[in-house]
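Here's a quick briefing to read alongside the coordinates.

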Amino acid sequence: MAVSRFWRKLKHRYNLIGTHCTTCNTYYYPPRKMCPQCRRDGRIEEHWFKGEGVIVTYTVIHAAPENKAVQTPYVLGIVQLDEGPRLTSQIICKPDDAHIGMRVQSVFRKLGEDSEHGMIYYGTKFIQD
Amino acid sequence: MRDVAIIGVGCTNFGELWDKSFRDIFVEAGVMAIEDAGVQGEEIDALYLGNMSAGRFIEQEHLSSLAADYAGLASINIPSTRVEAACASGGLALRQAVLAVASGYHDIVIAGGAEKMTDVDTDATTDVLAAAADREWEGVMGATFPSIYAMIARLHMHKYGTTSEQLAAVAVKNHYNASMNPHAQYQSPVSIENVLNSSLIADPLHLLDCSPITDGAAAVIVAPAEIAKQYTDTPVHIIASTQTSSTIALHDRKDITTLDSTVAAANKAFNTAKLTPGDIDIAEVHDCFTIAEILAIEDIGFFKKGEGGKATEDGLTAIGAEIPVNTSGGLKACGHPVGATGIKQAVEITEQLRGEAGRRQVDGAEIGLIHNVGGSGGTAVIHILST
């Protein structure tokens with residue numbers, strides 16, 4: 001991914017900063033600049049999520065394009081944050097330990113790297129709470 | 001609006017076509033459709049081509065010009081348009097052709113779909129397919145395309161008790177059907193054990209739960225129903241054409257085990273055609289993974305939510321049963337050249353409704369449904385075809 005493309009979302013990726021529509025009181029992560037429910041009537045402000053939530057569903061990925069930062073098998077899940085929104089993220093745990101309903105907490109981790117001399121991507125993953 | 005009919009179809013063999021290029025296969029499919037319809041090239045008013053990612057698979061954009069040029073239609077300067085909605089690109093191309101004819105703007109229109117996937121390695125293909133999902137908030141986080149459907153499968157199992165054996169039953173049925181389809185990529189049957197013993201791709205999906213990487217192209221010719229009989233004794237009428245959208249990311253769906261785009265497209269299609277799911281004799285649905293066929297047969301309304309796995313295991317979707325699904329072998333076994341899939345589905349149903357499907361013929365099939373999905377359900381396209 002281009003440096004600028006990753007860079008412009010850094011604060012959202014590093015710190016789980018999403019958005020909140022004060023018109024309908026809905027929280028968004030990943031962030032949205034337009035509320036899909038209120039559209040132009042929505043009023044959007046930034047919101048820093050606590051980073052606590054629950055696994056809605058998950059998979060253990062055994063086949064993926066080569067990524068030096070993440071070795072297969074790894075666990076990928078959809079996490080529902082306590083404030084409401086759902087996101088897709090890696091769950092750092094043994095594959096057999098992952099389960100639907102597991103409480104998780106966000107952590108700052110390496111997501112990937114382009115090459116030995118290329119960009120390194122950091123972001124949010126989750127561990128068992 | 002005018003009624004629209006399919007007057008000709010063509011489809012290449014599906015598979016790893018090392019000796020054929022992108023332009024070879026769409027010309028091959030197009031010529032077959034034109035000869036089947038008995039039209040002259042000069043009669044064709046417009047061309048629509050469904051393709052997901054030639055830009056990344058063969059580093060070629062501007063397919064509209066390429067297709068017209070190599071089909072010999074650039075010499076008459078016809079309007080040529082490439083359309084894209086990931087795996088639903090073919091369905092979109094068909095719908096654009098239908099709209100163009102129904103509106104009265106064009107008479108004879110060719111809708112094609114083509115994808116050349118094997119000119120890059122498997123890692124690159126996996127990455128291209130991941131672009132059907134949300135790159136910034138699914139792909140970057142480590143999601144592969146199979147992993148998205150694996151998460152649907154896991155929750156479907158958790159909520160409804162769907163089993164790995166029921167998922168495997170979809171693959172077993174579709175491989176069996178493909179064994180009777182000379183165009184299919186895989187023409188050998190597999191067993192439940194074969195599926196369950198194949199390597200895990202994204203748990204609970206095994207290799208044989210996944211559609212393969214395929215080269216292929218397909219084409220159909222559509223015309224106003226009022227003149228269709230001038231070209232063929234067996235026109236196939238398109239009695240509904242619907243397209244819907246939903247969130248691109250799976251995590252934003254209201255219900256992760258329902259493709260609400262499919263539900264909406266099906267409801268609109270049945271309303272348009274004044275039919276119910278029980279009226280459908282045969283269906284080609286989007287089985288990019290085994291779980292996807294189970295979702296499709298539930299979300300279209302053939303079976304209640306949560307009962308698709310059991311229905312498949314009980315044989316209700318086999319040829320000769322209540323609602324034969326994916327007689328071509330589906331994406332799973334006939335193959336899934338992404339942009340061609342939606343058109344291949346139309347070719348299969350047209351051949352079935354004409355009674356030309358050979359050993360996989362569904363007796364007395366008069367009304368067929370085709371269902372094409374983009375990504376994990378961000379786009380759905382449904383057509384209902386009738387004799």
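This is a predicted model: local features need pLDDT of at least 70, side-chain atom pairs count only at pLDDT 80 or more; totals for chains, interfaces and linings use all residues.

Let's start inside chain B, where α7(B) packs against helix α12 (residues 290-299) at an angle of about 60°, with 9 Å between their axes.

**Helix pair in chain B**
- The crossing of α7(B) past α12(B) is left-handed.
- On the α7(B) side, the contact is made by Tyr149(B), Ile152(B), Ala153(B) and His156(B).
- From α12(B) come Ile291(B), Ala292(B), Ile294(B) and Leu295(B).
- Sort those contact residues by class and you get seven nonpolar, one polar and no charged.

**Where chain B touches chain A**
- Chain B puts 27 residues into the contact, and chain A puts in 26 residues.
- On the chain B side, the elements giving two or more residues are α5 (122-130), α6 (135-139), α7 (145-160) and β5 (200-203).
- So which element gives the most to the side of chain B that touches chain A? That's α7(B), with six residues.
- By class, this side of chain B has 13 nonpolar residues, along with seven polar and seven charged ones.

**Strand pairing across the chains**
- β5(B) also pairs with strand β4 (residues 52-61) of chain A, in the antiparallel sense and over two bridges.
- In β5(B), Asp203(B) sits opposite Val60(A).

How values were computed. Residues are numbered from 1 along each chain as its sequence is written. Chains are lettered from A and ligands numbered from 1 in the order in which they are written. Two residues are in contact if their C-beta atoms, placed from the backbone, lie within 7 Å. Helices (H or I, at least four residues) and strands (E, at least two) are DSSP runs, numbered from the N terminus. Ala, Val, Leu, Ile, Met, Phe, Trp, Tyr, Cys and Pro count as nonpolar, Asp, Glu, Lys and Arg as charged, and the others, Gly among them, as polar. Two strands pair if DSSP finds at least two bridges between them. Axes are lines fitted to C-alpha atoms, for helices over the stretch in contact, and angles run from 0 to 180 degrees between N-to-C directions. A crossing is left-handed if the near helix is turned anticlockwise from the far one by less than a right angle, and right-handed if clockwise.
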